[in-house]
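I opened the notebook to look up a few points in one chain.

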Amino acid sequence: MKVNMDNECEKAFLEVERKFEVKKDVNLKYLEDSAVEILKIYQGYFIDEDGKYKHIRLQKSKIDGKEKSVVCEKIHVGSYNDVPLLKEIEDEHSYEYGVNLINAKNVSCIEKTRYVLPIGDYVMEVDKFENLTDEFKDWVAAEVEFKNETELLNFNKVKLPDF
């Protein structure tokens, strides 16, 4: 299915992001010192009662102790220049709601620490995965989300961190 990218209604729900693999020897002290937020995250995937594929994220701030859970559903809405387009819907809940959902669905979770860093006028989320094995052991990934395609194109002019 092709989506008309001139349709503002369709564009309002699209997630525009750029992802990066981070060097294995990234300086964690640098990330801690540069971060405006540090989150401990447990994230798992499940299928709900309606057969929809979703993920649940429990997160607790290492800075202020605030905690919450987020249930996210990504829906494939088409493609644009052979790039899949996804609509993302997130619902925030209490931390306890998320714990109960994980237990009820028997969801296995990945564990990660997220460092939220300012990069120019943008925000980069750097995730250090804690409990992966084999080739993914100590894997670190980063992503930047944008409001629209223009922001994504403008981001290409930003100097990225060395990592």
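The entries below go from method to sheet, then to contacts, surface and distances.

**Method.** I am working on a predicted model, where local features need pLDDT of at least 70, side-chain atom pairs count only at pLDDT 80 or more, and totals for chains, interfaces and linings use all residues. Residues are numbered from 1 along each chain as its sequence is written, and side-chain values use heavy atoms, with hydrogens and water left out.

**Sheet order.** I looked up the strands (DSSP runs of E, at least two residues, numbered from the N terminus, as helices are from runs of H or I, at least four). Eight strands form an open sheet in the order 1-8-7-6-2-3-4-5, with antiparallel pairing. Strand 1 (16-21) and strand 5 (83-93) are the edges, and each pairs on one side only. From one strand to the next the twist averages 30°. For that angle, axes are lines fitted to C-alpha atoms, for helices over the stretch in contact, and angles run from 0 to 180 degrees between N-to-C directions. Two strands count as paired if DSSP finds at least two bridges between them.

**Strands 2 and 3.** How many bridges join strand 2 to strand 3? I find nine between strand 2 (residues 37-47) and strand 3, which run antiparallel. Leu 39 stands opposite Ser 61 in strand 3.

**Strand 8.** I checked both pairings of this strand. Strand 1 pairs with strand 8 in the antiparallel sense over six bridges. Here Arg 18 stands opposite Val 144 of strand 8. Strand 7 is joined to strand 8 by five bridges, again antiparallel. Asp 127 faces Ala 141 of strand 8 as its opposite residue. Six of the seven residues of strand 8 (residues 140-146) are buried, so strand 8 is largely enclosed by the rest of the structure. My cut-offs: buried is under 20% relative accessible area, exposed is over 50%, and partly exposed is in between (1.4 Å probe, protein chains only).

**Salt bridges.** The whole structure holds 12 salt bridges. I count a side-chain nitrogen of Lys or Arg within 4 Å of a carboxyl oxygen of Asp or Glu.

- Asp 48 and Lys 54 meet through their side chains at 3.0 Å, N to O.
- Glu 88 bridges to Lys 74, with the closest N and O atoms 3.6 Å apart. Glu 88 lies in strand 5 and Lys 74 in strand 4 (residues 67-80), so the pair ties together parts that are 14 residues apart in sequence. Lys 74 counts as partly exposed, at 34% relative accessibility.
- Glu 125 bridges to Arg 114, with the closest N and O atoms 3.6 Å apart. Glu 125 is in strand 7 (residues 122-129) and Arg 114 in strand 6 (residues 109-119), 11 residues apart. Glu 125 is partly exposed at 23% relative accessible area, whereas Arg 114 is buried at 10%. Lys 112, Arg 114, Glu 125 and Asp 127 form one network of salt bridges that share partners.

**Aromatic rings.** I find seven aromatic pairs in the structure. Rings of Phe, Tyr and Trp (its six-membered ring) pair if their centres lie within 6.5 Å; planes under 30 degrees apart are stacked, over 60 edge-to-face, and the rest tilted. Which residues do ring pairs link into a cluster? They are Phe 20, Tyr 122, Phe 146 and Phe 155.

**Surface patch.** Tyr 45, Ile 47 and Tyr 53 make a nonpolar surface patch of about 350 Å². Patch residues have over 30% relative accessible area and no salt bridge; like charges are joined within 9 Å, and nonpolar side chains (Val, Leu, Ile, Met, Phe, Trp, Tyr) within 5 Å. Areas come from the Shrake-Rupley method with a 1.4 Å probe, and for residues only the protein chains shown count as cover. I place Tyr 53 in strand 3 (residues 53-61). Tyr 53 counts as exposed, at 55% relative accessibility.

**Distances.** I then looked up two separations, C-alpha to C-alpha. Asp 162 and Tyr 45 are 117 residues apart in sequence and 32 Å apart in space. Asp 162 lies in the segment after helix 4 (149-155) and is exposed at 67% relative accessible area. Gln 43 and Asn 156 are 113 residues apart in sequence and 29 Å apart in space. Gln 43 sits in strand 2 and counts as buried at 7% relative accessibility.
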